[in-house]
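Please open the model in a viewer and keep the selection panel at hand.

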Amino acid sequence: MMSIKAEYIWIDGYKPTANLRSKTKVVDHFIRSVADAPEWSFDGSSTRQAEGNSSDCLLKPVCIVPDPMRGEPNVLVLCEVLNADGSVHVSNNRAALRILAEKYADQDAWFGIEQEYNLYKNKMPLGFPENGYPAPQGRYYCGVGANAIFGRDVVEAHLSACLAAGLKLDGINAEVMPGQWEFQVGPLGPLAVADHLWLSRWLLNRIGENFGVEVKLEPKPVSGDWNGAGAHTNFSTAAMRAAGGIKVIEEACQKLRVKHAEHIKVYGAGNEKRLTGQHETCSINDFRYGVSDRGASIRIPIHTAKKGCGYLEDRRPAANMDPYQVCAKLMETVCGE
Ligand code: ADP
Ligand code: MN
Ligand code: MN
Ligand code: MN
């Protein structure tokens, strides 16, 4: 008899920042699509998703990819969390994005998310000495060599695993702080980009286990003169990508200005420590947009300005944001009237 390991992955109910959870189901048939993956359940009282006296939550498979850790034909099964009666669980932010994605499907929204993160070993950022601080920022970003780069083996293993799983990563780079890295996902539609980002976060944490390395998505892991960790969210609609789209991009920026506070609410917990107006950020209390401006809330890339069409970069989201919420907010504000 055939035995396939299916790793069911979901997002828990911790606040203000949720965590990934997963457990393995062994099945006796291939899982090639969502239709082949049975619904399952878990103990919601252990994940802050239910009370002990009625603890069952349901796992509804929504995205299946090959499992690069166990190898084919094993799979990763990303799930939405439902209540026992089949209704949407309050921790399930994907459900709202599903509705918006359908509502505005005709605008063909694309997203590209730059996930920054920090690697830690023994509770210390990789590259930090046991006492004191490493050399100040400067040589680390896109660096090479043992005095600048910490954790490349983890990062390489992660990129290979994501590509083997069919996740649409479009690049990686070492970041400004030692032990800090970035990968980019996209461009993809709203549900796909968010699903791929959550699955790639799961793989990063899973691979970190093999290296004894912890992954942190905290917006400001080390206070002082060290860059924070963000999740710049690049966004376009068909109208922005078409000739003359720069006008639509500027209109989008005006809409985003009015909703600044609403957006910040879902852009990650602790983001005020990161959005100080220093270290390539705009203050959390201001909203500015500009061409090539890395001190703005929204940056219009130079190639977009030159071509007169393309996309905008929302620089405000923190590394620990939920992409279901960020993509939903952007669609609601920009795609709506
Ligand atoms: P930078 O570091 O200069 O801000 P990156 O190269 O790290 O930029 O990331 C650019 C991101 O923009 C990528 O995730 C890519 O998928 C995304 N992107 C490219 N074109 C589009 C587009 N038309 N719409 C939305 N996102 C896009
Ligand atoms: Mn980048
Ligand atoms: Mn970056
Ligand atoms: Mn960026």
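Select Glu-182 together with ligands 2 and 3: Glu-182 bridges the two manganese ions, which lie 3.8 Å apart. This is a predicted model, in which local features need pLDDT of at least 70, side-chain atom pairs count only at pLDDT 80 or more, and totals for chains, interfaces and linings use all residues. Residues are numbered from 1 along each chain as written, chains are lettered from A and ligands numbered from 1 in the order written, and side-chain values use heavy atoms, without hydrogens and water.

Next, display the donors (N, O and S atoms within 2.8 Å of the metal, or 3.2 Å for Na, K and Ca; water is not among the atoms, so sites may look incomplete). Ligand 2 is coordinated by Glu-114 and Glu-182 through OE atoms, at 2.2 to 2.3 Å. Glu-114 belongs to strand β6 (residues 110–121) and Glu-182 to strand β9 (residues 180–188), so this pair ties together parts 68 residues apart in sequence. Strands are DSSP runs of E, at least two residues long, numbered from the N terminus.

Now colour by accessibility, where buried means under 20% relative accessible area (1.4 Å probe, protein chains only). Glu-114 counts as buried because its relative accessibility is 15%; Glu-182 is buried at 4%.

Finally, select ligand 1. An oxygen atom of ligand 1 is 2.8 Å from a side-chain N or O atom of Asp-170, and a nitrogen atom of ligand 1 is 2.8 Å from one of Ser-236.

How values were computed:
Helix = DSSP H or I, 4+ residues; strand = E, 2+ residues; numbered from the N terminus. Buried < 20%, exposed > 50% of the residue type's maximum accessible area, 1.4 Å probe, protein only. Polar contact = N/O pair within 3.5 Å; in protein donor to acceptor, adjacent residues only side chain to side chain.
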